[in-house]
Amino acid sequence: MTAATINDVITQLEAIIADSINTNDRMGYFAALYYKVTAAVRDGIAKGQFQNGARMEQFDVTFANRYLDALSAWKNNQPLSDSWRVAFEATKKSSALVLQQLLL
(Lines give C-alpha, C1' and ligand atoms only; values in the text may rest on other atoms or scores of the structure.)
Protein backbone atom coordinates (compact mmCIF):
# COMPACT_ATOMS: atom_id res chain seq x y z
CA MET A 1 0.00 0.00 0.00
CA THR A 2 1.40 3.37 -0.99
CA ALA A 3 2.29 5.62 1.92
CA ALA A 4 0.88 9.16 1.86
CA THR A 5 2.53 10.54 5.01
CA ILE A 6 5.69 9.95 6.98
CA ASN A 7 3.57 8.30 9.68
CA ASP A 8 2.24 5.88 7.03
CA VAL A 9 5.84 5.01 6.17
CA ILE A 10 6.68 4.41 9.82
CA THR A 11 3.61 2.20 10.28
CA GLN A 12 4.55 0.09 7.27
CA LEU A 13 8.17 -0.20 8.39
CA GLU A 14 7.01 -1.30 11.85
CA ALA A 15 4.92 -4.03 10.22
CA ILE A 16 7.90 -5.21 8.14
CA ILE A 17 10.11 -5.26 11.24
CA ALA A 18 7.53 -7.18 13.30
CA ASP A 19 7.01 -9.71 10.51
CA SER A 20 10.76 -10.12 10.10
CA ILE A 21 11.18 -10.79 13.81
CA ASN A 22 8.35 -13.33 13.77
CA THR A 23 9.72 -15.15 10.71
CA ASN A 24 13.42 -14.66 11.50
CA ASP A 25 13.81 -12.92 8.13
CA ARG A 26 16.93 -10.84 7.50
CA MET A 27 14.78 -8.48 5.42
CA GLY A 28 14.06 -6.68 8.67
CA TYR A 29 17.59 -5.30 9.05
CA PHE A 30 17.16 -2.69 6.34
CA ALA A 31 13.63 -1.91 7.49
CA ALA A 32 14.92 -1.30 11.02
CA LEU A 33 17.62 1.07 9.78
CA TYR A 34 15.14 2.81 7.51
CA TYR A 35 12.73 3.14 10.44
CA LYS A 36 15.37 4.89 12.57
CA VAL A 37 16.21 7.35 9.78
CA THR A 38 12.55 8.03 8.96
CA ALA A 39 11.65 8.55 12.63
CA ALA A 40 14.57 11.00 12.95
CA VAL A 41 13.35 12.89 9.88
CA ARG A 42 9.81 12.99 11.31
CA ASP A 43 11.13 14.31 14.61
CA GLY A 44 13.29 16.87 12.80
CA ILE A 45 10.27 18.12 10.87
CA ALA A 46 8.31 18.46 14.13
CA LYS A 47 11.18 20.44 15.68
CA GLY A 48 11.50 22.75 12.68
CA GLN A 49 14.98 21.53 11.79
CA PHE A 50 14.27 21.64 8.07
CA GLN A 51 13.79 24.79 6.05
CA ASN A 52 10.65 23.33 4.48
CA GLY A 53 9.15 20.54 6.58
CA ALA A 54 6.34 19.76 4.14
CA ARG A 55 8.81 19.37 1.28
CA MET A 56 11.05 17.16 3.42
CA GLU A 57 8.12 14.94 4.33
CA GLN A 58 7.14 14.61 0.67
CA PHE A 59 10.74 13.74 -0.23
CA ASP A 60 10.90 11.12 2.53
CA VAL A 61 7.55 9.57 1.57
CA THR A 62 8.39 9.47 -2.14
CA PHE A 63 11.74 7.81 -1.46
CA ALA A 64 10.22 5.34 1.02
CA ASN A 65 7.52 4.35 -1.46
CA ARG A 66 10.25 3.26 -3.87
CA TYR A 67 11.48 0.80 -1.26
CA LEU A 68 7.98 -0.29 -0.20
CA ASP A 69 6.87 -0.82 -3.82
CA ALA A 70 10.00 -2.84 -4.59
CA LEU A 71 9.52 -4.98 -1.47
CA SER A 72 5.91 -5.63 -2.42
CA ALA A 73 6.96 -6.62 -5.94
CA TRP A 74 9.60 -8.96 -4.50
CA LYS A 75 7.15 -10.63 -2.13
CA ASN A 76 4.56 -11.05 -4.92
CA ASN A 77 7.04 -12.37 -7.50
CA GLN A 78 6.50 -9.34 -9.71
CA PRO A 79 9.14 -7.68 -11.88
CA LEU A 80 11.53 -5.29 -10.16
CA SER A 81 14.83 -3.63 -10.98
CA ASP A 82 18.05 -5.59 -10.79
CA SER A 83 19.37 -3.40 -7.98
CA TRP A 84 16.41 -4.22 -5.73
CA ARG A 85 16.50 -7.89 -6.74
CA VAL A 86 20.19 -8.17 -5.77
CA ALA A 87 19.55 -6.43 -2.44
CA PHE A 88 16.57 -8.62 -1.57
CA GLU A 89 18.31 -11.84 -2.66
CA ALA A 90 21.19 -10.98 -0.32
CA THR A 91 18.81 -11.23 2.64
CA LYS A 92 18.47 -14.93 1.89
CA LYS A 93 22.21 -15.52 2.20
CA SER A 94 23.42 -16.05 5.73
CA SER A 95 26.98 -15.53 4.47
CA ALA A 96 26.27 -11.84 3.83
CA LEU A 97 27.12 -9.60 6.76
CA VAL A 98 24.37 -7.35 8.08
CA LEU A 99 26.44 -4.33 7.03
CA GLN A 100 26.69 -5.71 3.49
CA GLN A 101 22.93 -6.08 3.35
CA LEU A 102 22.41 -2.54 4.61
CA LEU A 103 24.81 -1.13 2.04
CA LEU A 104 23.04 -2.96 -0.79
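Here is a short chat about this predicted model.

Modeller: Quick ground rules: numbering starts from 1 along each chain as its sequence is written, and side-chain values use heavy atoms, with hydrogens and water left out. As the model is predicted, local features need pLDDT of at least 70 and side-chain atom pairs count only at pLDDT 80 or more, while totals for chains, interfaces and linings use all residues.

Colleague: What pattern does the protein follow along the sequence?

Modeller: Helices (H or I, at least four residues) and strands (E, at least two) are DSSP runs, numbered from the N terminus. The protein has five helices and zero strands. Read along the sequence, that gives α-α-α-α-α.

Colleague: How far apart are the end C-alpha atoms of H2?

Modeller: The expected span is 1.5 Å times one less than the number of residues. H2 has 19 residues, so it should span 27 Å, and the model agrees, with its end C-alpha atoms apart by 26 Å.

Colleague: Which helices do the buried residues of H2 pack against?

Modeller: The buried residues of H2 include Ala31, Tyr34 and Val41. Ala31 is also one of the residues that Ile16 touches, contact meaning heavy atoms within 4.5 Å. The buried residues of H2 pack against H1 and H3.

Technical notes:
Buried means under 20% relative accessible area, exposed over 50%, partly exposed in between (1.4 Å probe, protein chains only). Lists of a residue's contacts leave out its neighbours within four places in sequence.
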